[in-house]
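Hello,

Here is the structure I said I would pass on. My notes follow below it.

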Amino acid sequence: MLYLSEAQRDAYVRDGFLVIPDFETPEACRALMDEADRLIDGFEMLDDPSVFTTTDQTRTTDAYFLDSGDRIRFFFEAGALGSDGRPNRPKHRAINKIGHALHDLDPVFARASHQRRLADLVADLGMAQPLLMQSMYIMKPPEIGGEVVCHQDSTFLYTEPLSVVGLWLALEDATVENGCMWAIPGGHRDGLRQRFRRDGRGGVATDTLDPAPWPDFVPGHGPHVPLPARQGTLIVLHGLVPHLSPANRSDRPRRAYTLHVVDGAAEYPADNWLQRRADMPARGF
Ligand code: FE2
């Protein structure tokens with residue numbers, strides 16, 4: 001073991017997730033938030049901003065989204081647009097997320113992403129040839145921060161065999177009140193339910209591999225457990241563990257940075273939604 005203890009790895013194998021408090025310092029978290037603020041300052045709002053929502057999947061399929069795998073692009077909250085389609089609040093409080101290649105294109109996010117501790121952690125989980133495939137800066141802004149419905153990350157970053165691991169860093173305190181992550185312990189042992197892919201005609205399709213519905217999300221009365229995370233906490237997620245985060249209706253932001261790593265020893269299909277230009281292949285740590 002290079003970074004994790006045996007007990008931590010055992011917990012990950014048992015639960016499908018692992019919570020590591022104090023992985024980053026408050027200063028390191030602040031530096032990422034400052035850098036994102038700088039990126040947002042420089043972002044020119046479009047006439048027709050692209051909205052990201054997991055409750056209305058047709059809205060995730062525009063070209064702006066599908067071409068974002070090797071770029072830095074800005075997606076809005078559905079609740080941030082007025083009836084005229086224009087943002088109804090300042091852009092710093094209207095954005096849902098920034099994605100999906102911050103870890104390669106922005107020097108501050110690159111430093112936080114390509115680091116030895118993460119390489120060691122992922123090696124401890126058995127990944128042979130890690131490739132940093134996707135990064136997202138998730139805003140979850142106060143009042144309108146959208147719900148992320150129950151899903152498995154392997155649905156969106158499918159490989160054969162399955163390999164994706166999610167690394168989710170709390171840049172500020174995530175609580176039950178402001179929409180922290182919830183997961184189903186052990187749910188990663190039940191297999192992949194859906195696969196989201198390009199349909200070959202410029203759109204996307206979702207293949208159902210197992211039609212069983214997810215258990216209803218009733219906080220405190222179901223299989224889901226909350227994963228509250230103080231600033232600097234890293235949550236490691238198995239690609240098959242079902243997880244979700246409710247809307248943020250509080251008056252506090254809940255910013256986070258996530259990286260998704262796949263194993264280069266696995267096959268990455270050409271119809272995965274996230275593709276990168278030939279001259280910008282995914283790299284390791
Ligand atoms: Fe996820």
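Cys 29 is buried, with a relative accessible area of 0%. The model is a predicted one, and a search through the whole of it turns up 0 disulfides. For Cys 29 the reason is distance: the closest cysteine sulfur belongs to Cys 180 and lies 16 Å away, too far for a bond, since a disulfide needs two cysteine sulfur atoms within 2.5 Å.

Iron site

The iron ion has His 151 (NE2), Asp 153 (OD) and His 243 (NE2) as its protein donors, at 2.1 to 2.2 Å. Along the sequence, these donor residues follow the spacing H-x1-D-x89-H. Asp 153 and His 243 connect distant parts of the chain, being 90 residues apart. Asp 153 sits in the loop between β5 (148-151) and β6 (165-170), whereas His 243 belongs to strand β12 (residues 243-245). Asp 153 and His 243 are both buried.

The antiparallel pairing of β7 (residues 181-183) with β10 runs over 3 bridges. Within these two strands, Trp 182 is found opposite Pro 226 of β10.

Thr 206

How exposed is Thr 206? Thr 206 is partly exposed, because its relative accessible area is 33%, and that class covers values between 20% and 50%. Thr 206 is located in strand β9 (residues 204-208). From the C-alpha atom of Thr 206 to that of Thr 25 the separation is 39 Å, and the two residues are 181 residues apart along the chain.

Regards

Key:
Residues numbered from 1 in each chain as written. Predicted model: local features only at pLDDT ≥ 70, side-chain atom pairs only at ≥ 80, totals over all residues. Heavy atoms only, no water. Donors = N, O, S within 2.8 Å, 3.2 Å for Na, K, Ca; no water. Helix = DSSP H or I, 4+ residues; strand = E, 2+ residues; numbered from the N terminus. Buried < 20%, exposed > 50% of the residue type's maximum accessible area, 1.4 Å probe, protein only. Pairing = 2+ DSSP bridges.
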